[in-house]
Amino acid sequence: MVSSAKFKRAEEALKKAKPIGAASQALLTRGGIPVDENPQKRLILAVSSDRGLCGGIHSGLCKAIRSKINTIPEGSEFKLATIGDKPRGILSRSFPSSLNLSANEVGRLPPTFGDASFFAQELLASGYEPTSTEIYFNHFKSAVSFAVSSIQVPSASSIQSKPELDVYDDVDTETLRSYQEFTLASNLFYAMVEGQAAEQSSRMTAMENASKNAGEMIDKLQLTFNRTRQAVITRELIEIISGAAALD
């Protein structure tokens, strides 16, 4: 019941956050600004949480990131950042020298835009200036289904020279920088809310399966106990009857 209540709250929060995810990508999608598929410097950000007991939601996310890293062409530079202890523990074993930044204490409380803004500010102040930031998160589909998804956030310098921006007035460097900072925070918040909904649905399913398995185990153990007890009683009755017959 606790997992179900938390899932309901996470689902309601996701409904409110979905417009933010679409709006944060509006300039790229509606403006027709092409995104570089093979940037020279990229930051791969894994958004998950610290908590377990939710199936393979963390390992599936890290598996998708490892597959992406294996396709990066030689000569391209990448760094990793993680939100949550679970992806940090998994990815640090495979790419210990590439981990640039990590955050923990995530998932205990519902995510807020303030949290996302803080993470975005830390990423921008880390000293690593990627051409593109790729945010990987678990996309909530239904109460029993989720999938790994990603959002690409280009840097302000990478889109500054795009000719598609000529249709907009007064787009200077400072405006693009402010837009990029807000876009990064908005996409981070959307990814965190999506991830929380997927995690809570996976945890609810995992807890239901655990309860079901525990119930089946109890039933089997109860049956074994009853059979053993009946066998002991039967043996004792046979010994009593055999003793009485011997006395006769």
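Author: Phe-113, Phe-182 and Phe-189 are joined into a cluster by ring pairs. The model is predicted, so local features need pLDDT of at least 70 and side-chain atom pairs pLDDT 80 or more, whereas totals for chains, interfaces and linings use all residues. Residues are numbered from 1 along each chain as its sequence is written, and side-chain values use heavy atoms, without hydrogens and water.

Reader: Why is the pair of Phe-113 and Phe-189 called edge-to-face?

Author: Rings of Phe, Tyr and Trp (its six-membered ring) pair if their centres lie within 6.5 Å; planes under 30 degrees apart are stacked, over 60 edge-to-face, and the rest tilted. Here the centres are 5.9 Å apart and the planes stand at 75 degrees, so the pair is edge-to-face.

Reader: What makes Phe-189 buried, and how is Phe-113 classed?

Author: Buried means under 20% relative accessible area, exposed over 50%, and partly exposed in between (1.4 Å probe, protein chains only). Phe-189 has 12% and is therefore buried, while Phe-113, at 31%, counts as partly exposed.

Reader: Why is the pair of Phe-137 and Tyr-190 edge-to-face?

Author: Their planes lie at 70 degrees and their centres 6.0 Å apart, so this pair is edge-to-face. Phe-137 and Tyr-190 are both buried.

Reader: What places Lys-41 over the face of Tyr-128?

Author: A charge sits over a ring if NZ of Lys or CZ of Arg is within 6 Å of the ring centre and within 35 degrees of the ring normal. Lys-41 lies over the face of Tyr-128, at 4.8 Å from the ring centre.
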